[in-house]
Amino acid sequence: MGELDQCESTLLEYIRKSSTPPFLLKTYMMVEDPATDDAISWNADGTAFIVRQPAEFARDLLPTLFKHCNFSSFVRQLNTYGFRKIATSQWEFSNDMFRKGEKDLLCDIRRRKAWTKKQQTNKHGQNINAANKKERDEDQRSSSSTSSSSSEYNSLIDENKRLKMENGVLSSELSTINKKCKELIDIVAMLAENSEEEEEGQQDERPMLFGVRLEVQEEMERKRKRAEFTQTVGVFLSQLCK
């Protein structure tokens with residue numbers, strides 16, 4: 001008789017552990033997976049988990065396991081299994097039976113039973129209504145926070161697109177300026193070369209004294225102006241091509 005009782009107890013324990021709700025198993029799997037630590041992971045001591053990036057979590061992770069991308073719905077599911085939000089500055093949830101490295105405890109978490117209308121009118125009605133109101137308020141805050149996070153994410157995406165477009169325009173303008181700068185340098189170089197050839201041709205026409213060609217006033221003035229012009233163009237081009 002003792003062996004029969006032991007066998008029955010073992011069977012009941014197996015059935016209890018194998019009846020862990022899929023929602024809890026999937027959530028535990030996401031929290032445990034190191035690949036998702038940027039979006040969801042354990043807290044420092046492993047007694048609670050934190051959704052670090054609600055927008056990315058709802059967009060990228062929820063659809064892979066729950067076939068929806070509604071973060072508020074996920075929070076409501078947590079509430080029905082007795083999870084509590086334990087931090088005001090972040091989405092940190094705790095349940096005494098949901099701990100790092102203790103997956104076997106999941107089978108002890110049970111979904112809250114729905115209250116009937118008759119039960120809500122008993123002597124504990126006020127407490128029940130207060131609890132329901134608190135849960136609705138948490139859902140509204142969750143929805144508001146998720147909407148805000150999604151809005152901020154979309155704004156960042158739009159800002160990134162705008163900066164890329166501006167960068168493309170600036171790159172195009174810079175390329176055009178560099179091209180014009182090169183063309184100006186080529187023109188100045190050609191003018192300088194033509195001026196030197198002209199000067200060499202005019203040197204033979206200068207008067208000579210005792211076999212030495214003389215520098216006339218007109219020639220000296222032309223050289224001075226050419227030097228000033230070359231210096232001015234060089235400064236202009238160096239500033240333009242910076």
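Which residues touch the most other members of the largest nonpolar core? Phe49, Phe57, Phe74 and Phe98 do, within a core of 26 residues. The views below start there. This is a predicted model, in which local features need pLDDT of at least 70 and side-chain atom pairs count only at pLDDT 80 or more, while totals for chains, interfaces and linings use all residues. Residues are numbered from 1 along each chain as its sequence is written, and side-chain values use heavy atoms, with hydrogens and water left out.

**View 1. The largest nonpolar core gathers 26 residues.** A nonpolar core is a set of buried Ala, Val, Leu, Ile, Met, Phe, Trp, Tyr and Cys residues joined through side-chain atoms within 4.5 Å. Buried means under 20% relative accessible area, exposed over 50% and partly exposed in between (1.4 Å probe, protein chains only). Two or more residues of this core come from each of α2 (22-32), β1 (40-42), β2 (48-51), α3 (54-66), α4 (71-80) and β4 (91-94). Helices (H or I, at least four residues) and strands (E, at least two) are DSSP runs, numbered from the N terminus.

**View 2. Phenylalanine 49 and its surroundings.** Beyond its neighbours within four places in sequence, phenylalanine 49 is in contact (heavy atoms within 4.5 Å) with residues including Thr27, Val31, Ile40, Trp42, Leu78, Trp91 and Phe98. Phe93 is also among the contacts of phenylalanine 49, and in β4 phenylalanine 93 is its bridge partner.

**View 3. Four strands form an open sheet in the order β1-β2-β4-β3.** The pairing is antiparallel; two strands pair if DSSP finds at least two bridges between them. At the edges lie β1 and β3 (84-85), each pairing on one side only. Inside the sheet, four bridges join β2 to β4. Two bridges link β3 and β4, and a hairpin of five residues connects these strands. Across from β4, lysine 85 faces phenylalanine 93 and arginine 84 faces serine 94.

**View 4. Helix α4 lies across β2 and β4.** The helix runs at about 25° to β4, with axes as lines fitted to C-alpha atoms, for helices over the stretch in contact, and angles from 0 to 180 degrees between N-to-C directions. On β4, Trp91 and Phe93 point one way, Glu92 and Ser94 point the other way, and all are buried.

View 5. Rings of Phe, Tyr and Trp (its six-membered ring) pair if their centres lie within 6.5 Å; planes under 30 degrees apart count as stacked, over 60 as edge-to-face and the rest as tilted. Phenylalanine 23 and phenylalanine 74 make a tilted pair, 5.7 Å centre to centre with 50° between the planes. Phenylalanine 23 belongs to helix α2 and phenylalanine 74 to helix α4, 51 residues apart, and both are buried. Phenylalanine 71 and tryptophan 91 pair edge-to-face, at 5.2 Å centre to centre and 85° between the planes. Phenylalanine 71 lies in helix α4 and tryptophan 91 in strand β4, so this pair ties together parts 20 residues apart in sequence. Phenylalanine 71 has a relative accessible area of 1%, and tryptophan 91 counts as buried at 10%.
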